[in-house]
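Welcome! Let us walk through this structure together, one feature at a time.

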Amino acid sequence: MAVIAVALYTVLQVVQAQQPGPSAVGDFVAPVDVDTTGLPGPVQPIFYRHDIHAGQYQMNCLYCHYAAEVSSSPGLPSVDTCMGCHLLVGGSNPEVAKVREAFASGKPIEWVEVHRLPPFVHFPHMRHVNADIRCQECHGQVEEMPQVYQWASLKMGWCLSCHKQNNVTTDCTACHY
Ligand code: HEC
Ligand code: HEC
Ligand code: HEC
Ligand code: HEC
Ligand code: HEC
């Protein structure tokens, strides 16, 4: 047990040391048990919890969503990213067992999409991240969510009001081809 604890501690330290950008939160502690009935957002195939990973353990968002700075779609981590820790961590937790099964079977986990803009909207995700807008301004306090939900309306008025505040273009063709 002590060996595993030390190994986990080392992994977490390495992960935190590698973190680019601002670190998430202070001394937030995720609840051990969560009543999932009535939680906002879609139910996922595995109960992956941002409040544990990004909140309590302060993992940087970009550790898993590493394409957020360079791509129009930040994308989701592959199961390999999870296994860096979950070969060791998570013991007999049944949800962690599902992660290991996915890894062993080689089948990707089919996460349910939370955000989706209509196809006629052009949204260069990386431009926003690189303009130093924090993830939380558009996604809310994800690091305290046991289950992710769409926090902002994603309506045109939402885009426009921030663009106006920041003197960014409101030209129709910037967002609609
Ligand atoms: C350990 C890996 C990991 C870390 C760290 C992480 N995420 Fe995630 N994120 C995931 C996984 C897996 C999903 C898909 C399952 C889900 O929606 O909960 C996801 C989903 C999301 C979604 C919804 C995607 C969609 O379908 O629209 C958003 C938004 C998001 N993460 C933002 C963040 C933010 C902001 C942070 C930092 C505060 C963060 N994530 C940290 C793994 C991670
Ligand atoms: C940097 C290490 C690390 C990475 C990477 C990581 N996890 Fe975890 N995960 C943890 C720790 C630490 C816990 C808490 C274990 C505990 O409390 O016993 C945990 C807990 C969990 C749990 C159990 C949650 C609960 O209800 O207690 C699940 C499910 C899980 N992780 C899924 C994932 C998935 C899916 C990924 C990849 C997208 C991932 N983890 C990536 C460290 C990590
Ligand atoms: C200016 C607002 C804004 C900021 C800042 C922002 N996002 Fe997003 N994000 C969005 C919108 C809007 C979508 C939906 C995009 C779509 O449907 O094409 C999205 C989609 C996502 C997705 C869904 C996965 C995918 O590929 O579609 C993830 C994960 C995500 N964001 C993570 C992050 C992380 C992590 C950060 C910070 C590093 C961040 N976002 C910063 C607005 C934002
Ligand atoms: C929280 C503030 C904020 C929100 C919300 C926001 N944006 Fe932006 N957006 C910016 C900033 C700041 C820039 C300028 C980035 C740069 O200079 O590269 C930008 C740039 C853009 C660009 C590039 C414009 C160009 O000059 O070519 C497009 C396209 C865009 N946003 C679309 C959207 C869409 C679509 C939405 C809503 C789904 C949205 N934005 C929501 C702040 C925001
Ligand atoms: C900063 C980005 C942005 C700009 C600039 C923008 N739009 Fe949009 N527009 C959106 C988004 C996001 C949606 C989808 C969400 C919604 O329907 O509100 C949308 C939706 C629409 C729709 C469909 C509405 C519906 O109910 O289906 C029309 C029509 C439209 N825009 C016209 C325009 C016109 C005309 C302009 C210029 C005056 C413009 N847009 C400028 C982001 C933008």
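A residue is called buried if 20 or more other C-beta atoms lie within 10 Å of its own, exposed if 12 or fewer, and partly exposed in between, with C-beta atoms placed from the backbone. The model is a predicted one, in which local features need pLDDT of at least 70, side-chain atom pairs count only at pLDDT 80 or more, and totals for chains, interfaces and linings use all residues. Residues are numbered from 1 along each chain as its sequence is written, while chains are lettered from A and ligands numbered from 1 in the order in which they are written.

With 7 C-beta neighbours inside 10 Å, Asn-167 is exposed. Asn-167 sits in the loop between α8 and α9 (172-175); helices here are DSSP runs (H or I, at least four residues), numbered from the N terminus. Most residues other than glycine have a negative phi. Asn-167, though not a glycine, has a positive phi of about 55 degrees.

Leu-154 also has a positive phi, near 60 degrees. Leu-154 belongs to the loop between α7 (135-139) and α8 (156-165), and it is partly exposed because 15 other C-beta atoms lie within 10 Å.

Now for a pair of helices. The axes of α4 (residues 79-86) and α5 (residues 94-105), as lines fitted to C-alpha atoms over the stretch in contact, come within 10 Å and cross at roughly 125 degrees. Angles run from 0 to 180 degrees between N-to-C directions. Those under 35 degrees count as roughly parallel, over 145 as roughly antiparallel, 65 to 115 as roughly perpendicular and the rest as oblique, so α4 and α5 are oblique to each other.

Terms used. Helices (H or I, at least four residues) and strands (E, at least two) are DSSP runs, numbered from the N terminus.
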